[in-house]
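Colleague: Please take me through some local features of this model, giving the criteria behind each one.

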Amino acid sequence: MPLSYVTYDLYDGYIHNWLVAGPHVLPIQISEHTDADTLKRTIFQQHYEPDSGIIQQPVERGPLTEGTFTLGDYKGNWNYTRCQDDHFVDLTAVYAAPSYVQAWAYTQVRCPQSQTATFVLTSLGPADVWINGQHTYHHEGLERQNIFFSVTLNEGANEILVRFEQVTAPLGYMHAIALRLCQSVAPQIPIKGINVQIPTLIQDIVYRDILEQVFNAATLERDTYTQDTLITVRWPDHFKTKGDILVRLQTLTGRIYAESQLNPATGGEENHLSYAHQVPAGPLEIFMLPRLDLYYEHNVRLQRKMAIWNLGIQGYRPTPYATYAERRTEALQHAAMQMENINATGPFAEIAKMALGYWREVNEDAFRQTLAGIDRHKYGSVHSLLGLIGMLIRFGKHASFPTNLPQLLKTSILHFNYGCSADMLESERIIYYTCELLAGQLYPDQIFEVSEQNGQWHREHGERLALSWLHDRGAGGFATWDSNVAFATDMTALSHLIDLADSEALWELATVIMDKLLLTLALNSYQGVFGSTQGYAEAISIKGGLLAPTAGITRLLWGTGIYNHHIAGLVSMACMREYELPPLITEIALTPLEEFWGRERHITVLTDLADRNGSPGSLNSVKSVGNYQGMVNKVTYKTPDAMLSSAQDYQPGTPGSYEHIWQATLSAEAVVFANHPASTGETEAHAPGFWRGNSVLPRVAQWKDVLIAVHLLPDDDWMGYTHAYFPCYAFDAHILRENEHNVQWAFAQKGNGYLALAAARSFTLIKEGRNAYRELRSHGTHNVWVCHIGRAVLDGSFEAFQEKILALSVKFEDLAVQLPTLRGETLAFGWEGDFLRNGRPQPLANFKHYETPYCTAEHNAEQMEVKSDAYLMRLKLASYELRVTSSM
């Protein structure tokens, strides 16, 4: 078929339009005793080929038989890709096991005459570049670098092929490249007069261009849908392009649940697909494509997919309901239905069926799939193994227990490697320790394959490590402070220790640490939303409380939250029989004070949060650098109407990763925070990414209902801006206004809670793209954000709150701010110096372990006393003594 060409402009010198193939994924074997850099170099050398292997012309496919290639046993195909604002061809993904991955990006540039240009290749791993079929550059670096090299371009079309590689751990390594064309005499200045062109087999180029405009202009108002929420695709008010398209709502495997044909020729067009409760819960995608006759008969294969998450019939509960027994049954029934994706739920849906007595519905194939993953030591498989061990202890003697399963489980348990590296997150380590001691408890006389020790040895070894872990948590707190995902993981392990460990010492201390963990969760929650600053945030749940790993657990325990796809901790807690939630913790969670002001300090032992691109360490760990140790000092302020939480002065100016430094919470979906994005990526493998983490950590200080975040970005920062998550759809009302001092404020209301947000460099509400009407973007490398929350009982109506905020004389400087608050105080804070309240320095460090209206405790305290008007609870942190609780 004859080729046609689609033409594009450069974007500030960057090529944004590519044909991309891959990734080609090859699992690799790694050694715990080899540092990551050495290991990666060895793997890259083993797989290196000096030739590209691409012989046939890369082309955007029309007929599906075209636009393909074969390299060895790998069959690839070329797909059109348009870069986002970060300029990256980004194939970063989460992998089940360490892997070598390679991909290819192809495009053409057309020059008016022959010329020399400087190519600036940004790569996060090895890369090779071919220009017009000639191997032009080979890069061997392991970390993110900008590589400059000179290229001679011919008059007319010039072919560019880039092969880029990565060795991935399950999380934490970005697989991406960007390419910029600059002047040869001034390599920082983008070249002009050059166009990009993509070869295509789609014959009607004009119609293809229209389709691309229509697809790119489509937006969603939210990422997550529940109950009666209408799943709707929208086009901007100004959009006038006409093009017939088909819009589908489907699962990731292509099962279609809604479909409509439309022609968005007028601005503000909306396409209503379905209510959330009418389609399955879980990850879904909006799939846009041409009319079917054009797609299949005329081979117009252009398409776009937008990812969403659906919670189906589930709705958020901001207030408590039902009894614990009723909620337990409800929770297990919810979990029992989460069985379609074994990779996500492991064996816990089947365990829930057993707990409910639904033995006829137990799916034995699910266990075989889970065991296969465990035997391959698949990432996260240790969680599944713990669930299976607990299941065997709890239900293994039941008459309906699958006959062949005990022997299959025994084989996997005895073959598993229970060793874990010191740089694993603390929540992962306790899962390993619990697995090891329970496995040894099950088979005390059996020899375990990896260690060649018997089960009794493993029981004693696991108990010793678990006790050490529990003591550390009692003395110093939680390294990944207030992390939704870490807390849910901790509860999974603790629930098994409390219920199943044949050790009184373990049972008692695990009970105390469970109390401490749940107390921390209750202190830092608002209407069931664990809306605190976090030491390790999950990308998928950072935009609110709907997808949080602890949301189902809090709904089970005290009746606020929502059931979602996170069921390991939920099922583990629901199966627990030897633990009773102290009523004081329930009271703290459900009975808000008129004003709560709490300070905490936790010992931070995190792995490689300062270097996200690799250095000595284990590729099996979440991060692959040595240990980083420090402290976090955090504060939380909340009223019955809102909550504001932050990490004080936490490592400002250093590279960030998984940390979520501050957040304001008005409801499960009405959350606001600001960060410095590293890329536009929003997967769990992007750390930091667009919303999760910070490329460079800010300096933050908070006094009660006012927070200040100061950002100092590098002069050559990749993104060049900070931004705030501001979900317009989630508020009862919102508005952007500017006062007479030229300070711009974004206001939001949810119920009786108010929020005001300002930035020294002002901001723009983004109305297009993936985060339309959810992002306030503020350009500039020096910036200061201010957040002030309010409430109707103090500030009157929402309109009155706005006027009071606008009347404040806020004085922004380059990297500092001075402002009066609505409570009659004056705050001053900057990149350097003290945090001043009414002219007096306020502490940002060396807090007590806990200092709240309910409890005060120092680090390494032997006992922690928690009390309210009705209850008293004493946690014995430094011994094996059980907690003491009583009514006042």
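Predicted model: local features only at pLDDT ≥ 70, side-chain atom pairs only at ≥ 80, totals over all residues.

Modeller: Residues are numbered from 1 along each chain as its sequence is written, and side-chain values use heavy atoms, with hydrogens and water left out.

Colleague: At what angle do the axes of helix α10 and helix α11 cross?

Modeller: Helices (H or I, at least four residues) and strands (E, at least two) are DSSP runs numbered from the N terminus. Axes are lines fitted to C-alpha atoms, for helices over the stretch in contact, with angles from 0 to 180 degrees between N-to-C directions. On that basis, the axes of α10 (residues 426-442) and α11 (residues 455-476) come within 7 Å and cross at roughly 150°.

Colleague: How many charged residues does the contact of α10 with α11 have?

Modeller: Contact means heavy atoms within 4.5 Å; among the residues that meet are Tyr433 and Leu437 in α10 and Trp457 and Trp469 in α11. Ala, Val, Leu, Ile, Met, Phe, Trp, Tyr, Cys and Pro count as nonpolar, Asp, Glu, Lys and Arg as charged, and the others, Gly among them, as polar. By class, the contact has 7 nonpolar, 7 polar and, as asked, 5 charged residues.

Colleague: Where is Pro688, which a cis peptide bond joins to Ala687?

Modeller: Most peptide bonds are trans. The bond between Ala687 and Pro688 is cis, with omega about 0°. Pro688 is placed in the loop between β26 (671-675) and β27 (699-703).

Colleague: Is His377, with its positive phi, buried, partly exposed or exposed?

Modeller: His377 is not a glycine, yet has a positive phi of about 55°, and lies in the loop between α7 (364-375) and α8 (381-395). Buried means under 20% relative accessible area, exposed over 50%, and partly exposed in between (1.4 Å probe, protein chains only). At 30% relative accessibility, His377 therefore counts as partly exposed.
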